[in-house]
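Welcome, and please get your viewer ready. We will go from one selection to the next and look at what is there.

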Amino acid sequence: MTGPASDHGAPPDAGAAARRLFELRSGPSNDLAGQADAVAAACHAMAVRFHRGGKLVVFGTGGASTDAQHVAVEFVHPVIVGKRALPAISLTTDVATVTGIAERAGVAAIFAHQIRYLADPADIALGLSADGNTASVLAGLEAARERGLLTIALAGGDGGQIAASKVADHLIVTPSDDPRVVKELQVTAYHVLWELVHVFFEQPGVLGPGVVA
């Protein structure tokens, strides 16, 4: 940008720069909205698992590790008063377990090992990856599928190895190579997952006779 800064406002071309940054996000955002049917199918499958007594098991590394915690707490302690609390855990929060597994079996094993010992076949596994190539997330999804869990993945870019492996029963892709954009839209995606799961619970007969929050 050029031009002197002012105490009374941004440089003259700052608005154009801001518009470019919003445009950078508009394409991937529209594409995410175009996956509405896939998102709805994932939410319905999740709601069925919850209805049958399953829990949500969420995992990711780096920034996605905090997203995993974010997802889990919103299901367990809904931010909207009156919404049904649903069981969920994040596999990223127990530092002793994560580092112990990493030291002995390698970082790629940190989620798969926990899933084998903490998850039940009735559960839901939700893996988050910025580019679809996170080895630990892929291994976690593979272990979940082997145990019979419902597997869901949020991945950026072209879905990477997670998409290629077809290990996810439901895959939602944010088509961007910018990790910031992927992060922002994955937050949107899992908020929609949360909201639509509750919509299904609030519709009598959708999941089973008399199922109402």
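## A tour by selection

Begin with Lys83, which is partly exposed because its relative accessible area is 26%. Keep in mind along the way that this is a predicted model.

Lys83 sits in the loop between α3 and β2 and Glu202 in the segment after α8, so the pair ties together parts that are 119 residues apart in sequence. Glu202 is partly exposed too, with a relative accessible area of 29%.

Next, select Asp67 and Lys183. Their closest N and O atoms are 2.9 Å apart, and the two residues form a salt bridge. Asp67 belongs to helix α3 (residues 63-76) and Lys183 to helix α8 (residues 179-201), so this pair ties together parts that are 116 residues apart in sequence. Is Asp67 buried or exposed? At 4% relative accessibility, Asp67 counts as buried, while Lys183, at 31%, is partly exposed.

Move on to Asp178 and Arg180, whose side chains meet in a salt bridge at 2.7 Å, N to O. Asp178 is buried, with a relative accessible area of 14%.

Then pick Lys55, Asp120 and Asp123 together; a network of salt bridges links them. The count of salt bridges comes to 7.

For the last stop, leave the charges and show Ile89, Tyr117 and Leu118, which make a nonpolar surface patch of about 320 Å². Ile89 lies in strand β2 (residues 88-90) and counts as partly exposed, at 31% relative accessibility.

Note on methods. Residues numbered from 1 in each chain as written. Predicted model: local features only at pLDDT ≥ 70, side-chain atom pairs only at ≥ 80, totals over all residues. Heavy atoms only, no water. Patch = residues over 30% accessible without salt bridge, like charges linked within 9 Å, V, L, I, M, F, W, Y side chains within 5 Å. Areas by Shrake-Rupley, 256 points an atom, 1.4 Å probe, with all protein chains shown as cover. Salt bridge = Lys/Arg side-chain N within 4 Å of Asp/Glu carboxyl O. Helix = DSSP H or I, 4+ residues; strand = E, 2+ residues; numbered from the N terminus. Buried < 20%, exposed > 50% of the residue type's maximum accessible area, 1.4 Å probe, protein only.
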